[in-house]
Amino acid sequence: LKKSKAMFRRLSVTFANRLCSVGQSGSRCVRRSIQSFVTANGKELSVTWPDGAQNTFSAVWLRHNCECSECKQPHSGQKVVDATEMTHNLHISSDGASDGLVKLKWRHVNGLQHSGFISTQQLRESVYTEPQDPPVATALPHITHNDLYTESKHGLWSFLKYLNDYGMCLVSGVPAREQEVKKFTESIFEHVQTTIYGEVFDVVSTPKPINIAYTPVKLDLHMDLAYYESPPGLQLLHCLKFDDCVTGGESILLDTLPVLEELKRKYSTYFDTLVSIPATFQKIHYERQNPIHMVYRRPHIAVNRHRKVIGFFWAPVFEGPLVASKEDVGKYYEAYCCLSKLFQTSTLKIQHRLTPGELLVFNNRRVLHGRNSFTLNGGMRHLQGAYVNIDEFKSTFEFLSRQLKLDSGVRNVFNQSFS
C-alpha cells in the first residue's frame, strides 16, 4: 500500500480465502492469502489480492452490498435491505475473515449498528474495469452442427466464444428443414425473442413485401429492428434453399467497432455529433395483418463516461425524419455522411454465399449485415430467421464458462452496459 502502516489501525487481517467455483464435478476451492486493512478513519476497506493488485471499497458501498440474510434473501439472492435506513456517514470495523467471507461491523452516525459480511468473490467481481475491446474477424468463424452437441459442451462454449469475441459464427450441417432455426435456438437459449415478425420469419422474395428484405433488391448495411427500445441481440439466418441458378444474394457482414474507433480517431467532431444528436428510427406500416406504428429516437452511438463505444444503432432504410434544432441539422448530416462512407469503403467486410444447411449467427447490435441484390432465374432463395435477446446470450455464455471452469473474457457486446 502506498500509505504508511501508520495510516491504518491494527485491524489488518491476513486470512486464507477460499475461492470456489462450481461445475459439473462439484466445488473446487483453492486457498489464497489476502491482505485487508480498515483505514484509520473507518471509512474504507483496502484489499491486496494474491496477484498484488490493490483495491479500496468504501464503507457505504460495503453496507449497501452486505450479503447477510438480513440484507439479502438467501434463495433468490435479492436485496431486502431498506436503503432509506442507511446513511452515507458511517464507519466500519472488521472481525476478520474465514471461508472467503470478510466480516464487518457498521456504525451509523445516528447510532444504529449492523453486523454482516461480504464475500471476497463479490469484492473481486465488483472492481470496476472498462469493457474489453473484442478482436476483429478477418474471416468468418466456423463450427459444425455436430460439434455443438458433444457431452463435454466445449463445442457449444467455442460457438458462444466466437460470438462473444468476433460477433459472428457460421454453423454448417444444420438440417435444412423449416422451423429448424427455432429448434436450434431453443436448444441453446431456451426460447427465441418474439418480435412483430413472430418467433420465426421467412426471408424470401414476395410480391407485396412487409419488409424490404423480402424482395430481391440490394440491402445496404444495417441492424434489424432499430426502432425497438431493445433491438434483438443475436440474429440467426438459416439457409433452407439457395439454388445454383440464383445469381447474387451473398450475405455481407461488417464489425462496426473498428470503424467507429476510426471515426473517433480521425473525425472526433463527427463522432461527438452522432453521440449527442438523436436520429429517428421507425416502422410505420398499417397495410399488414397487424398494423405497426413504432417510432424511437436516440443517437446512433452510445458511449460510457470515458467515451468508449458501448452501443450503436444504424438502419438507414428504417430512418424517419430528423427532429433537431436548425443548428444541429447540418452538423448531423455531415457526420452521418462521413460515417456512411467509412462503412462503404471499409476493407473489413466479410462476404459469404450461404448454402442449404448453413446457419449464420451474428451480434445484431455490433455487426451490421447486408445483402447483394439477386436474380432468381427460375430458382429460389429461402432463409428462415430468428432472434435472441442480447442479455440472455451473455447470461448463457457466462454461466457455461463458469460451469466448465473456463475464462469467458466477456467482451463489449454493445448492450450499452458500462462494464
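Q: Which strand holds Phe 312?
A: Residues are numbered from 1 along each chain as its sequence is written, and side-chain values use heavy atoms, leaving out hydrogens and water. Helices (H or I, at least four residues) and strands (E, at least two) are DSSP runs, numbered from the N terminus. Phe 312 lies in strand E18.

Q: Is Phe 312 buried or exposed?
A: A residue is called buried under 20% relative accessible area, exposed over 50%, and partly exposed in between (1.4 Å probe, protein chains only). The relative accessibility of Phe 312 is 1%, so Phe 312 counts as buried.

Q: Which residues does Phe 312 touch, not counting residues up to four places away in sequence?
A: Contact here means heavy atoms within 4.5 Å. With residues up to four places away in sequence not counted, Phe 312 touches Met 223, Thr 256, Leu 260, His 300, Ile 301, Leu 339, Phe 343, Arg 365, Leu 368 and Phe 414.

Q: Which angle word describes how H5 and H6 lie to each other?
A: Axes are lines fitted to C-alpha atoms, for helices over the stretch in contact, and angles run from 0 to 180 degrees between N-to-C directions. The axes of H5 (residues 256–266) and H6 (residues 268–276) come within 5 Å and cross at roughly 120 degrees. Angles under 35 degrees count as roughly parallel, over 145 as roughly antiparallel, 65 to 115 as roughly perpendicular and the rest as oblique. H5 and H6 are therefore oblique.

Q: How many nonpolar, polar and charged residues make the contact of H5 with H6?
A: H5 brings Leu 260, Leu 263, Lys 264 and Lys 266, while H6 brings Ser 268, Tyr 270, Phe 271 and Leu 274. Ala, Val, Leu, Ile, Met, Phe, Trp, Tyr, Cys and Pro count as nonpolar, Asp, Glu, Lys and Arg as charged, and the others, Gly among them, as polar. By class, this contact has 5 nonpolar, 1 polar and 2 charged residues.

Q: What arc around the axis of H5 do its buried residues cover?
A: The buried residues of H5 are Thr 256, Leu 257, Val 259, Leu 260, Leu 263 and Lys 264. They sit on the same side of H5, because the arc around the axis is only 165 degrees. The arc is that of the directions from the helix axis to the C-beta atoms.

Q: Where in H6 do the buried residues lie, seen down the axis?
A: In H6, Tyr 270, Phe 271, Thr 273 and Leu 274 are buried. Their cover includes H5, strand E17 (301–303), strand E18 (309–312) and helix H7 (326–345). Seen down the axis of H6, they fall within an arc of 160 degrees, so they line one face of the helix.

Q: Which residues does Thr 273 touch, not counting residues up to four places away in sequence?
A: Thr 273 belongs to helix H6, and at 8% relative accessibility it counts as buried. Leaving out residues up to four places away in sequence, Thr 273 touches Lys 331, Tyr 332 and Ala 335.

Q: What is the phi of Glu 190, near which value?
A: Most residues other than glycine have a negative phi. Glu 190 sits in the loop between H4 and strand E10 (201–203), and at 67% relative accessibility it counts as exposed. Glu 190 is a residue other than glycine, yet its phi is positive, near 75 degrees.

Q: Over which residues does pLDDT stay under 50?
A: The chain has a mean pLDDT of 87, and 88% of its residues reach 70 or more. Where pLDDT is low, the predicted coordinates should not be read in detail. The stretch where pLDDT stays under 50 is residues 1–31.

Technical notes: Predicted model: local features only at pLDDT ≥ 70, side-chain atom pairs only at ≥ 80, totals over all residues. pLDDT = per-residue confidence, 0-100.
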